[in-house]
Amino acid sequence: MSGAVDIRGVAKVFGTFTALQRVSLSIEDNEFFTLLGPSGCGKTTLLRLIAGFETVTEGEILLFGQNIANLEPNQRPVNTVFQQYALFPHMSVLENVAFGLKMKGMDAPSRTKRAGEMLEMVHLSDFANRAPAQLSGGQQQRVALARALAPQPKVLLLDEPLSALDLKLRQAMRLELKQLQQDTGITFIFVTHDQEEALTMSNRIAVMRAGQVQQIGTPREIYEAPVNRFVADFIGETNLLEVDVAAIVDGQAQVVLPGGFQITCPSATAEAGRHHLSIRPERMTLVPVGSGLEATVQNIVYLGTDLQVMVRLDGGADMQLRIQNAARVQVPAPGTRVGLHLEEGAARLLAD
Amino acid sequence: MAGPGTNAPQGEASFRNIRVQLLLPTWAMIGIFLLLPVLLMAVYSFLTKEMRGGVIWEFSLAAYDQFFVNRGLFGDEPATLEWTYIAVFWRSIVQALVATALCLAIGFPTAWFIATRPVATRGVWLFLITVPYWVNLLIRTVSLRFLIRENGPLNEGLLALGVISEPLAMINTNFAVQLGLFYSYLPFMVLPIYAAVERYNFALSEAAADLYASRWTTLREIVLPIVKPGIIAGCLLVFVPSLGAFLAPNLLGGAKNFMIGSLIEEQFKKSLGNWPFGAAVSMILMSLVLILLLLYARNASKSEVR
């Protein structure tokens with residue numbers, strides 16, 4: 001079976017630097033797929049390889065079954081929304097949006113009509129004759145989007161398109177982008193280093209690090225069942241504890257926490273031995289001393305919607321937990337002895 | 001205590017005073033080194049010539065008359081348009097245009113090459129481009145003359161290699177003048193284009209390719225319109241001095257390849273001296289260049305409005 005885009009053993013080497021190490025992944029048609037990772041992880045390189053701005057060192061890139069790895073960018077039926085938009089400064093907004101159509105040989109009246117429709121879609125009809133420099137960042141962003149969507153690409157590539165916008169606009173654009181993807185039915189491949197962006201918009205996410213894919217899954221899978229320390233740490237916040245595991249039976253690990261308290265939790269590995277345990281801070285609650293884990297409150301950080309409580313386990317390990325800043329919550333003072341209750345799915349044993 | 005409201009006008013006035021003082025050196029520079037010489041030239045062109053150089057302070061249109069009007073050898077025939085000097089102008093314009101085109105053809109790829117090198121090495125390339133300019137133009141032109149003369153190193157080398165069987169006649173040809181102009185003014189083409197290309201955002205080329213434009217289309221529709229100001233600046237910086245050049249035509253071109261610059265220079269020599277005529281030719285040359293610049297400026301502001 002082949003999806004919209006099949007990346008097969010793609011590697012990219014720049015001189016002595018290996019940007020991608022034989023990456024393979026399959027992106028379904030009509031999917032909002034996100035490549036997520038810190039800078040230098042290879043996510044942008046992978047996007048540029050799909051667009052054709054770089055050539056693969058080895059491997060194949062299939063677009064609906066056809067290998068496009070050796071085609072020039074202007075021969076690939078994919079379009080890109082660039083990080084800094086890359087709008088043509090000497091053309092009007094309308095001319096920018098119509099450019100791809102013009103290059104495809106569409107006659108002037110048709111392309112003006114279609115470009116007009118695209119501008120309507122991104123709510124910029126009134127700005128058709130402006131120069132890009134006369135628009136705000138958010139408006140330029142939407143022009144870039146309209147320009148890339150106008151030629152009806154099979155796949156739309158988005159290279160950190162929201163990173164230049166301020167927070168409020170970024171949040172609004174997330175919803176707009178997601179809506180646009182659903183309305184057009186075009187496969188979106190979205191590159192970002194922002195895990196919140198990835199979680200809120202994607203159907204599936206590939207988490208990348210150092211030129212390799214760490215994990216591919218839905219936002220829920222990535223967040224709740226991370227395979228290794230990197231994914232657990234990169235997506236959201238987590239407490240990582242180094243633990244010894246005696247046995248793993250049916251994917252459930254028997255783990256002894258520092259301080260001697262024993263829990264059973266799902267495991268990403270079948271091998272016993274020394275592993276890391278991830279405990280999500282928002283899946284723990286404070287309970288009276290005597291039931292469950294015991295710890296001492298070290299510090300409290302006020303975050304507005306939440307409170308971050310720093311505790312030290314009796315075994316010596318530092319952890320943090322998040323509790324909602326609700327009216328009923330009683331904030332413990334530093335030095336207070338507290339019990340910690342781990343909710344279902346709070347802890348997970350990682351492969352490394 | 002005086003409030004800020006009563007204080008402001010006084011402060012503003014003194015600020016204006018300071019501004020005038022600060023601008024004074026600039027105005028003095030422009031006045032003494034730009035306006036005054038041009039004014040002097042304009043005045044001289046309307047004076048009467050003194051036989052051994054210099055002028056007599058007496059109004060006369062003789063210089064312009066000499067340039068434009070032909071009354072025969074003894075000045076007694078009916079007045080017709082004088083073609084001699086217009087021909088010199090025409091030849092100079094063609095020479096300057098060819099030199100500009102040559103500089104553009106070589107300068108644009110050179111500038112592009114330098115601007116696309118890693119930032120660290122660009123300085124080295126620019127340095128190499130400007131190194132010859134540490135040597136005086138006269139010396140460089142004379143060296144060029146030495147290089148291309150009949151038994152110069154270039155001919156000797158080609159003969160030794162067996163590429164040619166007899167020396168090429170390069171000196172005192174149109175080719176030599178072109179070579180001289182090209183060599184003299186190439187950096188004036190390279191540097192402004194470099195500055196434009198260096199600022200060019202190469203993501204735009206990627207965006208064009210992404211939107212199905214071929215390399216040529218990208219160059220024509222995206223790159224050239226955006227770096228156009230650099231190209232025009234380079235062309236003006238080569239064309240204008242080429243038009244008035246006198247070292248290259250004098251030293252490399254011989255008598256046949258006379259240009260405006262040489263014509264003007266001749267007029268200020270002691271033996272032939274005709275200062276008003278030299279001044280008049282200069283004024284005509286300057287007017288011509290000014291008209292070209294105005295045409296360009298009008299064109300540029302028109303495309304700005306679009």
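Q: At what angle do α7(B) and α9(B) pack, and how far apart are their axes?
A: The model considered here is predicted. Two packed helices are described by the angle between their axes and the distance between the axes. For α7(B) and α9(B), the angle is about 160 degrees and the axes are 8 Å apart.

Q: Why is α7(B) described as roughly antiparallel to α9(B)?
A: Angles over 145 degrees count as roughly antiparallel. The packing angle of α7(B) and α9(B) is about 160 degrees. Therefore α7(B) is roughly antiparallel to α9(B).

Q: Is the crossing of α7(B) and α9(B) left-handed or right-handed, and how many residues of each class make the contact?
A: The crossing of the two helices is right-handed. Residues in their contact include L181(B), Y185(B) and F188(B) of α7(B), and V227(B), I231(B) and L237(B) of α9(B). By class, the contact has 16 nonpolar, three polar and no charged residues.

Q: Where does α7(B) bend?
A: Helix α7 of chain B covers residues 174–199 and reaches 37 Å from its first C-alpha to its last, close to the 38 Å expected. A bend of about 45 degrees occurs in α7(B), with the proline P187(B) following within four residues. The bend lies at Y185(B).

Q: Which element gives the largest share of the side of chain B that touches chain A?
A: The contact takes 15 residues from chain B and 17 residues from chain A. On the chain B side, the elements that give two or more residues are α8 (203–210) and α9 (215–244). The largest share, six residues, comes from α8(B).

Definitions and conventions
Residues are numbered from 1 along each chain as its sequence is written. Chains are lettered from A and ligands numbered from 1 in the order in which they are written. This is a predicted model: local features need pLDDT of at least 70, side-chain atom pairs count only at pLDDT 80 or more; totals for chains, interfaces and linings use all residues. The expected span of a helix is 1.5 Å times one less than its number of residues. The bend at a residue is the angle between axes fitted to the seven residues ending there and the seven starting there. Two residues are in contact if their C-beta atoms, placed from the backbone, lie within 7 Å. Axes are lines fitted to C-alpha atoms, for helices over the stretch in contact, and angles run from 0 to 180 degrees between N-to-C directions. Angles under 35 degrees count as roughly parallel, over 145 as roughly antiparallel, 65 to 115 as roughly perpendicular and the rest as oblique. A crossing is left-handed if the near helix is turned anticlockwise from the far one by less than a right angle, and right-handed if clockwise. Ala, Val, Leu, Ile, Met, Phe, Trp, Tyr, Cys and Pro count as nonpolar, Asp, Glu, Lys and Arg as charged, and the others, Gly among them, as polar.
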